[in-house]
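Let's take a walk through a protein structure together. Have the sequence and the 3D view ready, and turn the view as you read.

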Amino acid sequence: MSDNNMIQEQAIQEHSHSHVHRDDIASKMGMWLFLFTEILLFGGLFLLYLAYRFQYSQEFFTSAKNLNIVLGTINTIFLLTSSLTMALSIAALQRGNKKLSIAFIISTLGFALGFMIIKYFEWTAKFAHGIIPGGETLTSRPHGEVIFYGMYFSMTGLHAIHVIVGAVLILFMLRFVIKGKLNKDNYQRLENAGLYWHLVDLIWIFLFPLFYLLH
Amino acid sequence: MGKSEFTFSHDNYLNNNTGKSNLMSWLTTTDHKRIGLMYLYGMIFFFGLAMLIGVVMKLEMLTPGKTLIDAQTYNAFFTLHGMIMIFLFIIPGIPAVLGNFIMPIQIGAKDVIFPRLNLMSWYFYIFGGIFAIASLFLSGGPIDTGWTFYVPYSIRTNTNVILPLLGAFIIGFSGILTGINFVTTIHRLRAKGMTFFRLPLFVWAIYATAWIQIIATPVVGITIVLVIVERLFSIGIFDPALGGDPLLFQHLFWIYSHPAVYIMILPAMGIVSEIIPTFAKRTIFGYKMIAYSSLAIAFIGYFVWAHHMFNSGISDLSRMIFSLITFLVAIPSGIKVFNWVATLYKGSIVFKTPLFYVAMFIFLFSIGGLTGMITSSLATDVHISDTYFLVAHFHYTMFGGVAIIMIAGLHYWLPKMYGRMYNEKLAMWSGAIIFVGFNLMYFTMFILGYQGMPRRFWSYLPQYQTLHIVSVVGMVIFVMGMIVMAYNLIRGARKGPIAPANPWGGVTLEWRIPSPPPTLNFDKDPVVTREVYDFTNPDDYGLPKIEERGINE
């Protein structure tokens, strides 16, 4: 049993008179299980993408050329870097450097905001060209293109919702760190928020090549 | 909780020590026992509503043509009956009520690992339920797609589809959170000495179920979301007019919804494995095989979904493969049934109500399972697909299997939950009435279906009328039995005679603490020293002996 585990067991025993107790291992385990369900949620979409890519390979090929690789690449860099700053903020908190941790959390949030702003410009540019889900310009195009953009908007849309949820989560963690509720000895919730954020990043790593690069 | 002439001398979870009003103390509780009861009350409400809808549907079938309601109302009714029964009663049923109440006690824990998340799951469940039935009262009318929401009809119909779908999504979320909570609880909060192979089999079943909830539910979640998005924005993913493939919807839907039937049946099998040793006074036969077969069912259950699509136009090769894998499910199920029967063999059987229901279960579920073999054979399935045969098969497994055992579990654990006893004689009689009514109602449907009566029709050809009338008579008997059973349980919970802590002579942990359980379950941490279900030399778990009181004191 590792030291960490020993401390855990002690913590459980000390608090066993009350039914609300702190168990960091359980909390991490619960978070991993939840992330597993998130992957399966996106898994359904990836499965659909796979089926339709086979069915409409030509149209997927041509539609992908219309996406803006430069903006996509910048967003990928943003998310990857934000994962790094997130991990650094946890490391900083574990070493008791509260100020540095706060700085890293804020930069993570900055990257998240940057990602959403670029996403906004990407989507509005598509709308300006009449590529609106259910819009007449789009539905009159070949079926494969309708499906491509259907997949594009639903997958990146669901991902964007996850970016927002993750950012809100991190915002709360920022508050807790500033208030000292999360500190050197109690950082599990920040680590959980970090895990969630890495998942958001991970899904984008798959979305980016599937939509922007494969053509 | 109601008026009672006797209050329990020990501090228990039903007492309100919070300083809040009684109602608020329940709505803000994080106690797993209270949350279990709140699920129970929610479920009684939803089950009652869906049963009422079912009664009206059955009465409509008394005569060909219109009897009570018009065709559109009938469409809405079979949709709502299915939706409420499946998403609000039978999927969350046993895990949320009895899993919440009993499982933490059985592993020697004071609560589940995330008590506040547990309360949140209950609120999600209730809000999801309200969303699901709200469409009844909105303009446009209630959803009429059937509980499977098949596209493209669910995209085209003008009834309220989005709201109930959102409800199903929220309820699914509630199930995921409960699943995560239970898996983590079983990993982290077992008492000292409680190894995995000393866990009561009900805990094993809840564990396997929780995993299916975690793994399967997200897939139907995204499918439901995509139907909503399809309706709102016409993205084309499931709409054949825009190039989408409706078959993909069916695949994604059944990838969840088939494992979901194991979410329903596994906990029921767990309860059977608890009741049989207690009333046979004998250790369970083949403990490890029963535990492993739960996991095997959960695993195989993942690879059989397309047997719901034998007539949807999928390829012959995949039909054969899915048919073969479907037959494999019979192996772990058979292992369980044979082990149960072997446990009863040469046992000192005490035939009380819970065991009576278990006996009913073995009979009814065997019929349900064996007719499942008929539906999973490719050739016969073509003939009986979408007929009353399927409806009968489904109700034999779901009601005859799951709901009967949920009733058995409520009889078995009622003295633990409320510290009071129901009337044994009335319980036996109501069980017998339910059994007769159930068979009369649903066995007739097997014959109707075999003769070609299609499901989901509000009218029929005159030659089917005799059997329909027989079935309706069965329904009336069945409902009477259900009412007597519910009356007996509710009366027992409120005013029944005080029950002893261990009325059945059970050996698992929940029978070693007072009834109703103290707020934190155990005054002293239990220690497990040997295998569970040892009736010759039962484990005392290091707990003080509880005063035994007679049932009719």
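This is a predicted model: local features need pLDDT of at least 70, side-chain atom pairs count only at pLDDT 80 or more; totals for chains, interfaces and linings use all residues.

How much of chain A is buried? Of its 215 residues, 48% count as buried. The accessible surface of chain A comes to about 10300 Å², and 69% of that belongs to carbon and sulfur atoms. Taking the contacts in chain A between residues at least 6 apart in sequence, 80% join residues at least 24 apart.

Ile39(A), Leu80(A), Leu202(A), Ile205(A) and Phe206(A) make a nonpolar surface patch of about 440 Å². Which helix gives the largest share of this nonpolar patch? It is helix H8 of chain A, residues 188-213, with 3 residues. Leu80(A), in contrast, belongs to helix H4 of chain A, which covers residues 69-94. Leu80(A) has a relative accessible area of 42%, so this residue is described as partly exposed.

Next, bring chain B into view. Here 36 residues of chain A are in contact with 38 residues of chain B. The size of an interface is often given as the accessible area lost when the parts come together. For chain A and chain B this buried area is about 3000 Å², with 75% of it on carbon and sulfur atoms.

What about polar partners in this interface? There are 6 residue pairs in polar contact between chain A and chain B, counting pairs with both residues at pLDDT 80 or more. The interface also holds 1 salt bridge. In that salt bridge, Asp23(A) is paired with Arg188(B), and the closest N and O atoms are 2.9 Å apart. On the side of chain A that touches chain B, helix H1 (3-14), helix H2 (24-55) and helix H7 (143-179) each supply at least two residues. The largest share of that side, 18 residues, comes from H2(A).

Met103(B) sits in helix H4 of chain B, residues 93-106. Is Met103(B) buried or exposed? Its relative accessibility is 0%, so Met103(B) counts as buried. You can find what surrounds it by leaving aside its neighbours within four places in sequence: Met103(B) is then in contact with Leu98(B), Phe182(B), Thr185(B), Ile186(B), Phe202(B), Val203(B) and Ile206(B).

Beyond its neighbours within four places in sequence, Ser135(B) is in contact with Gly141(B), Pro142(B), Ile143(B), Asn160(B), Leu163(B) and Pro164(B).

We finish with charged pairs. How many salt bridges are there over all chains? A search of the whole structure finds 10. One links Arg22(A) and Asp24(A), with 2.8 Å between the closest N and O atoms. Arg22(A) is partly exposed at 38% relative accessibility, whereas Asp24(A), at 13%, is buried.

Another salt bridge joins Asp239(B) and Arg156(B), whose closest N and O atoms are 2.9 Å apart. Asp239(B) lies in the loop between helix H8 (201-233) and helix H9 (246-280) of chain B, while Arg156(B) lies in helix H6 of chain B, so the pair ties together parts that are 83 residues apart in sequence. Asp239(B) is buried, with a relative accessible area of 8%, and Arg156(B) is partly exposed at 43%.

Note on methods
Residues are numbered from 1 along each chain as its sequence is written. Chains are lettered from A and ligands numbered from 1 in the order in which they are written. Side-chain values use heavy atoms; hydrogens and water are left out. Patches are made of residues with over 30% relative accessible area and no salt bridge: like charges are joined within 9 Å, nonpolar side chains (Val, Leu, Ile, Met, Phe, Trp, Tyr) within 5 Å. Accessible areas come from the Shrake-Rupley method with a 1.4 Å probe; for residues, only the protein chains shown count as cover. A salt bridge is a side-chain nitrogen of Lys or Arg within 4 Å of a carboxyl oxygen of Asp or Glu. Helices (H or I, at least four residues) and strands (E, at least two) are DSSP runs, numbered from the N terminus. Buried means under 20% relative accessible area, exposed over 50%, partly exposed in between (1.4 Å probe, protein chains only). Contact means heavy atoms within 4.5 Å. Buried area is the accessible area (1.4 Å probe) that two parts lose on being put together, summed over both. A polar contact is a pair of N or O atoms within 3.5 Å; within protein, one must be able to donate a hydrogen and the other to accept it, and residues adjacent in sequence count only if both atoms are side-chain atoms.
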